Protein chains: 4
Amino acid sequence: MSSTLGDTIKLSLFGESHGEAIGIVIDGLAAGIPLDLDFINHQMDKRKAKGKTSTARKEADEIHIVSGYFNGYTTGTPLTILIQNTNTQSKDYSKTKDILRPSHADYTAYEKYHGYQDYRGGGHFSGRLTAPIVAAGAICMQILKNKGIQIGTHICNLHGITDTLFSDDVPSIEAELNSLDSKAFPVLNEDTASQMQAEILKHKEDLNSVGGILESVVIGVQAGIGEPFADSIESKLSSLIFSIPAVKGIEFGLGFDFATTTGKEANDAFIMKDGKIQTRTNNNGGINGGISNGMPIRLKTCIKPTPSIYATQDSVNYQTKEATTLQIEGRHDPAIIHRAAVVVDSMIAIGLVDLYTKRYGYMWQYEERV
Amino acid sequence: MSSTLGDTIKLSLFGESHGEAIGIVIDGLAAGIPLDLDFINHQMDKRKAKGKTSTARKEADEIHIVSGYFNGYTTGTPLTILIQNTNTQSKDYSKTKDILRPSHADYTAYEKYHGYQDYRGGGHFSGRLTAPIVAAGAICMQILKNKGIQIGTHICNLHGITDTLFSDDVPSIEAELNSLDSKAFPVLNEDTASQMQAEILKHKEDLNSVGGILESVVIGVQAGIGEPFADSIESKLSSLIFSIPAVKGIEFGLGFDFATTTGKEANDAFIMKDGKIQTRTNNNGGINGGISNGMPIRLKTCIKPTPSIYATQDSVNYQTKEATTLQIEGRHDPAIIHRAAVVVDSMIAIGLVDLYTKRYGYMWQYEERV
Amino acid sequence: MSSTLGDTIKLSLFGESHGEAIGIVIDGLAAGIPLDLDFINHQMDKRKAKGKTSTARKEADEIHIVSGYFNGYTTGTPLTILIQNTNTQSKDYSKTKDILRPSHADYTAYEKYHGYQDYRGGGHFSGRLTAPIVAAGAICMQILKNKGIQIGTHICNLHGITDTLFSDDVPSIEAELNSLDSKAFPVLNEDTASQMQAEILKHKEDLNSVGGILESVVIGVQAGIGEPFADSIESKLSSLIFSIPAVKGIEFGLGFDFATTTGKEANDAFIMKDGKIQTRTNNNGGINGGISNGMPIRLKTCIKPTPSIYATQDSVNYQTKEATTLQIEGRHDPAIIHRAAVVVDSMIAIGLVDLYTKRYGYMWQYEERV
Amino acid sequence: MSSTLGDTIKLSLFGESHGEAIGIVIDGLAAGIPLDLDFINHQMDKRKAKGKTSTARKEADEIHIVSGYFNGYTTGTPLTILIQNTNTQSKDYSKTKDILRPSHADYTAYEKYHGYQDYRGGGHFSGRLTAPIVAAGAICMQILKNKGIQIGTHICNLHGITDTLFSDDVPSIEAELNSLDSKAFPVLNEDTASQMQAEILKHKEDLNSVGGILESVVIGVQAGIGEPFADSIESKLSSLIFSIPAVKGIEFGLGFDFATTTGKEANDAFIMKDGKIQTRTNNNGGINGGISNGMPIRLKTCIKPTPSIYATQDSVNYQTKEATTLQIEGRHDPAIIHRAAVVVDSMIAIGLVDLYTKRYGYMWQYEERV
């Protein structure tokens, strides 16, 4: 369905940018998972607008659990999370609603919902809807962490400024993930962080915006997870990650660079290492035939520049069908890529819990934690 | 499920490379669609191994409709297509089954199916399974064509050799699609075809293989198709296309090039043209907020080099856990990208029929054809 | 999933009896449906505990729409309804939680959720969860009414006291449905109402409870709705109605009485009437081969006596595994059948909107209303 | 979807009565299940038309496994079963297709498929489609048997002639199931068998048909299986069983008899027995709150009289809209209830494997069998 993510766990996402609240219902969690609320809030915090590189709309994003949670544990029945919208500005959107913002969903929403969409601040298409995804993703990450699975994402390219990539070996990756987890700006190399932030601010002053590329890695996934075809890991994760607003590209392992390799170069030879079957290289990003091979899962996600910019743009009035210009008011982000990193982590976590649950049932989420 | 594609139409894919037959059941087609068998066979033909650039295993790939088809029309009940495997070689796979072929699904299948997989020729993971997808996709393309929607895919990059990209305007694209439809090798520029074929043969002689990038375009999709989040066009198409073996990257519109643009450059300004709201540029590939905006839908798919190569490779014996070398015998493709183009077309068609059917019901597939 | 109802429209039900709130997310509604809040409240009112024949727990059951609703119309994105639990008594459930209430879900919840269930007042298994179903059902009934489809349910048997059955002809049924809609106690024959209420009170005084049979009818469904097998009308409606707590039997048309008929008696001969193909009798309850035939859809639902009774009962302590006796305290219903009628109506409405939407898409919910 | 059954295992049913073949694809089976083909054939045999109490159309119903099966074990990829239609008579159905057979799906199919249905012998609506269900059900029963779960169904009422009901205690039920498994006519009491068969033949001579009631029991299901609401055991099983042609009623435990009991009589007191929590009575048929309580699961299914009778019936010509009479030719069953018993068993097995797989994953089907 339009806003129902997942299969063996189902996440029903709801809300609008300027409605009363946004939220999510998670159906398919096992009973008895002790939620780490500090961790959830820690993840929520990563997504929050902070400082000058983000929108001036600062939301508390306090999660409020309405159901499925009792005495500190999940009950096994649908867990509902509500997040109030507290910082909506009472401007009159109805005046500007017909001037279509370029590269936003204003026009497509008009055509799809024939005028009945909640047009205030992008409505259901708003990036705010990623807040409940992060809350749900944090629960999934917690489940995975208990199984020894860790996920992390950093900006590897922001308008041409590049960060160090994740290492190849698991211990180094683990260290990188730990370091990343405590950073306010998700990059591996600290110097890069300040360059990227300066780049964002430069474009902000120019009434402009920038995008970039996120690199993600997952360690600890056993070989044999995922399914051929419809539920290949690539299918599952891409479907979820492309649900995130502004994502326009995804690649696994070498990704588009496979186009300029040959089979000899690209094939990952099998070797014995530490008593286990591994591959010498990991060009396939830990996935063969849609199924995990035990190596780190690696993927990159491209985030387009925020379409909301302060510069004057050409547009059309939907009602009058006349050309016009548009100067977007309100508060918005000169870049969202640093806030999107945790959303990608969350979607990966949701996808992996979904695939593990298919194989081992929802009891898998619980039983080994005793 | 593992091999069940789609939502409002469900396609249940089955079979193994060296089993008796492969096939697909399509549940959710309207009654009364007059199948154009010539067109289906024409599409099947595009996928067939032909000449020296493909495997020596030549399969007739005759489609045999077992159910759901009566007096030349779909009946509205599940349509089943069977394709016999006729050209399987009776070699003894059990000897080599434990020597894991690099970058194939041999190892992951072993781990997932704990030794019970059909290991002959890749089993269910074989590229042969794309034959029923093409048959189903041809039916979907036929439905779409009746609605004025056309789809086409060409190789825009084969190991560095590039083809002209699709044009921007619909009439030119239409001409390109028509021209492409009759070509044995899916490129727009005829000179490029011979260069690419020579490149494939060069690597074949070198016991090697190559990959590349496919560019796809869809014209005629009205604005308002697709859903936010889970059923965004990007989610739906990426999920289906990543089901195709060897696909490792997908991007829409500018895709990864968004990383080096700014909002000012990337935003697609709205304009009035031919009395309709359109965008001046189409950097978003016809999709905003996951929903079609009426502009051509554009995407690129990266196909990795065929993992089957004749060169000797390092590997491991799954049972003995000992390092070994492997020289893949049998018949295989030095490149599959030219055969994959029609598979991508098919997946796009399946995805779009799925999304249209969600909005207008399965009756949409039928009613306007009267 | 456990608590996600429907297919082309998805309803994600959540909450517990003594949690903060219960609610539902409806994903798959068209944009532009003008909600009739008075009608929704009217339906909610039918389900409310009133007078002595129901529990002393009186809940306001005010529906609060959190998302998917804007300026009086549905937006086409998920519509979320919250209902606060206001009248929960602060008794200490933890003392009695291990004494299993006979014929309740206490024991099965213990086994399924291994001790983590919210045991207060039945938790997620509580009849309170039918309140959001009624709210969602009211929206679906409103959609159907716009298409000329009407649904109604009355008690045809309460502990042996029987009501008149619905008539056979549509105009009479329509009159009966209109009359029924305004009644506080859902029976066709007013005299029967007082007898049934007296019967309930008699058993209440005896610290006992009673059940009965509901008869439902739907008029206005065109021939051709429903699907063979998995989505037969009987499959769809039974699946939804058996989700209602206390339902233990469902039959369509003659139902179990078919066992004592013959084909000659049971077959519904086709006739021409009012220029339309109809059947002379309607033993099949408007459904042939799982699909509507244009005649009124008729079904009966058996509701067991409320398992909560004040009489002392034998039980077992789950933790000590010792036999014990139990006297249920708290507030409960001596019968719930009169409150269940509107829940059955709601489930029928949900099921029919689901089946219509499969055939005509979600746009069907909207387009003809203009 | 119309003909796709199940959730965590998906069964895609296809074919028509007079097409070339019917069949089913099962997606979601674990790898490594050693199929007992003798058992599958034994189950298929129970459904076959035999002797004078069934149709003269005798089909071999040989199952042919096309995919998902290798060296005697399931592979974990979709398992496809084909059953040829061998005994179709080449009569000209096109002459009679417009004379609607009462209580068949002729009219509803016409309306739903607007004339494109395969009308020969009921097409996809034919009882023949239950053959692949029995094959799939046999595989599920085999999985369940390995876990100590047994299922059985007998005719408890055939046009008023009643059989002994299943016992209450598990050892007796087990003996009854074993005895039943070897019987050609599924009743517990041998005398009843001959009476019922005589009754069928009597009505056959009268150009008539009869129906009846099936009683089913399942032993060995642990407490805690099933889900609240949408996937309650009652919802899951009723949805599947109502997919079987001719089923018009289902009840669990006391079923409709709950209407004349009180809570005191109906409640199943908990007791300790054999060191386990059990209930003294089993009026709820082993299910509380939609979830198994460890007691035998008990249900009854009403099968209507076969609508195909040789007597002349009133009907209408669909095309001319004129009243006419109809004398059904061809071969058909004077009763199908004895053949339907194994179909109900199969659906129960499919439903239980589905629910167990949701809880424990598809690996549950395999792992404990080692």
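Trainee: In strand 12 of chain B, which residue is the bridge partner of A:Glu251?

Mentor: Strands of a sheet pair through backbone hydrogen bonds, either parallel or antiparallel. Here the partner of A:Glu251 in strand 12 of chain B is B:Gly249, and strand 12 (residues 247-252) of chain A pairs with strand 12 (residues 247-252) of chain B in the antiparallel sense over 3 bridges. Two strands count as paired if DSSP finds at least two bridges between them, and helices (H or I, at least four residues) and strands (E, at least two) are DSSP runs numbered from the N terminus. Contact, here and below, means heavy atoms within 4.5 Å, while axes are lines fitted to C-alpha atoms, for helices over the stretch in contact, with angles running from 0 to 180 degrees between N-to-C directions.

Trainee: Before we go on, what kind of model is this, and how are its parts labelled?

Mentor: This is a predicted model, in which local features need pLDDT of at least 70 and side-chain atom pairs count only at pLDDT 80 or more, whereas totals for chains, interfaces and linings use all residues. Residues are numbered from 1 along each chain as its sequence is written, chains are lettered from A and ligands numbered from 1 in the order in which they are written, and side-chain values use heavy atoms, with hydrogens and water left out.

Trainee: Which strands of chain D pair with strand 11 of chain D?

Mentor: Strand 9 of chain D runs antiparallel to strand 11 of chain D and is joined to it by 8 bridges, and strand 17 (residues 297-303) of chain D pairs with strand 11 in the antiparallel sense over 7 bridges.

Mentor: One reads the distance between the axes together with the angle. The axes of helix 6 (residues 233-241) and helix 8 (residues 337-360) of chain B come within 9 Å and cross at roughly 140°, and the two helices are therefore oblique to each other; angles under 35 degrees count as roughly parallel, over 145 as roughly antiparallel, 65 to 115 as roughly perpendicular and the rest as oblique. Their crossing is right-handed, a crossing being left-handed if the near helix is turned anticlockwise from the far one by less than a right angle, and right-handed if clockwise. The residues of this contact divide into 9 nonpolar, 1 polar and 2 charged, where Ala, Val, Leu, Ile, Met, Phe, Trp, Tyr, Cys and Pro count as nonpolar, Asp, Glu, Lys and Arg as charged, and the others, Gly among them, as polar.

Trainee: At what angle do helix 1 and helix 4 of chain D pack?

Mentor: Helix 1 (residues 37-47) and helix 4 (residues 130-146) of chain D pack at about 135°, with their axes 9 Å apart, which makes helix 1 oblique to helix 4. The crossing of these helices of chain D is right-handed. Among the residues that meet are D:Phe39 and D:Met44 in helix 1 and D:Val134 and D:Ile139 in helix 4 of chain D, and by class the contact has 9 nonpolar, 3 polar and 2 charged residues.

Trainee: Is A:Arg128 buried or exposed?

Mentor: A:Arg128 is buried, with a relative accessible area of 7%, and it lies in the loop between helix 2 (106-113) and helix 3 (130-146) of chain A. Leaving aside neighbours within four places in sequence, A:Arg128 is in contact with residues including A:Arg47, A:Arg57, A:Glu59 and A:Asp61.

Trainee: What is the phi of C:Asp274, and where does C:Asp274 lie?

Mentor: C:Asp274 has a positive phi of about 55° although it is not a glycine, and it lies in the loop between strand 13 (270-273) and strand 14 (276-279) of chain C. C:Asp274 is exposed, with a relative accessible area of 67%.

Terms used
Buried < 20%, exposed > 50% of the residue type's maximum accessible area, 1.4 Å probe, protein only.
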